[in-house]
Amino acid sequence: MIRKKSLQEQVIYQIYIRSFKDSDGDGIGDIPGVIEKLDYLKDLGVDMLWLSPFCSSPNDDMGYDISDYRNIMKEFGSMGDFDRLLAEAHRRDMGIMMDLVLNHTSDEHPWFMESRKGKDNPKRDYYIWADEPNNWDSYFCPDAWEYDPVSRQYYLHIFGVKQPDLNWRNPGLRREIFDMVEWWLKKGVDGFRFDAIHLIGKPEGYPDYVSNREDSEEFLQYRNTRQGHDYLREMHNTVLSRYGNPVTVGETGGTTPDSARFYVDKSQKEFDMIFHLGFLEEKSTVESQAAFFREFYSRWYKSLSIDGWDALFLGNHDLPRFVSVLGDEEKYWKESATCLATMLLTQWGTPFLYQGDEIGMINAGFDSLDQFRDPHTTIRYTEAERKGEDTDKVLADMILNGRDNSRTPMQWNSSPHGGFSTGTPWIGMARKWEDINVEAQQNNPDSILSFYKKAITLRKSQRCLAYGSMRMEEYGEDILAYRREYEGQSLLVLLNLSSAERPLSEDVGCDSRIILSNYTAAQDGNYTVLRPWEALVLDC
């Protein structure tokens with residue numbers, strides 16, 4: 001493990017291995033492909049690479065269904081390839097963050113295959129079995145329970161049928177998990193992103209829901225529970241604290257600013273930061289993006305800054321491309337992509353970039369069901385058909401918001417398949433890949449890629465952006481404005497989150513110096529109006 005840098009100073013880059021770079025022409029990205037692009041990532045300026053799950057898996061959920069925690073998915077390469085990646089990343093002073101799925105395994109994991117042999121099997125209690133199911137539902141299926149004719153009981157699966165939930169109440173299972181985490185730490189892994197970790201604390205007795213309202217405290221009684229926090233503190237004290245406290249981030253859906261503090265407060269000793277999900281759903285209910293983000297970031301900063309830290313992201317492998325849903329890809333593609341990047345890289349917290357963000361990749365533009373590869377897209381469509389719902393409406397939603405929008409191949413150049421592979425990619429290319437690619441932007445000082453490099457460099461050079469306090473300010477309609485302050489320095493960030501010119505309602509002062517702008521022709525110092533999607537960072 002490389003020396004851990006301050007969380008405040010890091011920029012983390014997520015790699016969805018299957019779609020990043022294919023080294024052997026089989027149409028599937030792999031670990032040698034990641035190694036091939038390490039110099040590109042170093043030049044971008046990122047500090048740590050978060051790798052999507054790469055452990056052995058039958059890929060019912062694209063690797064989030066692990067069948068062997070101590071081996072490498074065959075499509076991605078070998079353990080020797082991973083060891084080489086670790087060494088080469090460390091040689092460039094970049095860390096490797098591993099994506100670990102600990103709420104469930106694949107039904108092809110040896111633990112589950114043993115568990116289903118019968119009630120007396122030593123591994124039976126590694127999973128959750130019941131004679132009769134309760135009324136819990138699943139994220140991917142109508143019901144969270146599946147009858148197993150082999151052992152004549154139901155098993156719990158909060159996700160897919162082939163993803164049985166682990167029983168963290170079993171101390172033997174926890175020991176196996178902690179031993180496995182330690183095994184990867186001994187290899188030199190620098191951090192972990194824990195998938196769906198908010199679901200591990202199932203309540204004793206597995207009671208029925210008492211409410212069907214999603215805003216009720218009783219809804220989804222198996223997430224963000226006291227038992228889950230107990231297990232996470234045990235993992236920290238048993239393993240993580242003994243290996244220099246690797247960087248940790250937990251995926252914790254359903255958390256509020258208040259409940260999130262239980263995960264990240266330093267006194268709790270659970271995680272460094274969490275991904276609190278749902279901002280896209282919240283944002284869809286408001287007209288002004290600036291008003292939404294002003295309230296959203298203020299709320300989380302007020303709670304987490306007491307004794308914790310935050311993780312910042314606009315895109316990942318589960319979300320559509322943010323320039324397509326938050327920006328204006330048709331009229332102001334470059335401007336909106338760089339404006340939103342400025343927001344991400346100047347806020348309070350550790351920024352997480354997703355592959356392709358830095359070149360402004362857009363939604364795939366698929367228009368038929370057969371173009372999608374996410375298995376749960378098909379499940380959702382089929383279920384809508386079964387219920388007699390409007391499948392055209394379901395398809396339209398998937399085209400805009402489906403997970404495959406972010407899983408199309410990384411666009412390296414304008415050669416066939418975007419330089420991703422010499423073979424046929426496992427999924428189709430996104431729209432405009434011939435024009436939106438790394439090679440087209442690499443040597444263009446006015447490109448989105450060049451802007452990302454400038455913004456990352458600025459974040460690293462200005463301690464105010466890493467360590468400073470954050471205070472929202474009012475500068476007019478559609479303008480998100482906030483001040484970062486640290487040790488006597490004050491930086492003002494002005495973002496026009498709209499496709500129209502917006503006047504500034506307050507004078508920011510003519511002596512303010514621009515240290516970052518996303519327009520080639522910068523403002524002249526008389527800051528009276530912001531152009532569409534204009535972003536300014538002022539030293540004032």
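Asp230 and Arg226 sit 4 residues apart in helix H6 (residues 226-238), about one turn of the helix. The two form a salt bridge, with the closest N and O atoms 3.0 Å apart. Arg226 is exposed, at 58% relative accessibility. Asp230 is partly exposed, at 31%. The model is predicted.

## The sheet

An open sheet is formed by 8 strands, and the pairing is parallel. The strand order is S11-S10-S9-S5-S2-S1-S13-S12. Strand S11 (273-275) and strand S12 (311-312) are the edges, each pairing on one side only.

Strand S5 (residues 95-101) pairs with strand S9 (residues 191-195) in the parallel sense, over 5 bridges. Met98 stands opposite Phe192 in S9.

Arg193 lies in strand S9 and Asp99 in strand S5, so the pair ties together parts 94 residues apart in sequence. Arg193 is buried, with a relative accessible area of 1%. Asp99 counts as buried too, at 1%.

## Helix to helix, and a network

Asp43 and Lys453 form a salt bridge through their side chains (2.6 Å, N to O). This pair links distant parts of the chain: Asp43 is in helix H2 (residues 38-44) and Lys453 in helix H15 (residues 448-461), 410 residues apart. Asp43 is partly exposed, with a relative accessible area of 44%. Lys453 is buried, at 17%.

Salt bridges also link Asp61, Asp318, Asp374, Arg403 and Arg407 in a network. The whole structure holds 43 salt bridges.

Methods
Residues numbered from 1 in each chain as written. Predicted model: local features only at pLDDT ≥ 70, side-chain atom pairs only at ≥ 80, totals over all residues. Heavy atoms only, no water. Pairing = 2+ DSSP bridges. Helix = DSSP H or I, 4+ residues; strand = E, 2+ residues; numbered from the N terminus. Salt bridge = Lys/Arg side-chain N within 4 Å of Asp/Glu carboxyl O. Buried < 20%, exposed > 50% of the residue type's maximum accessible area, 1.4 Å probe, protein only.
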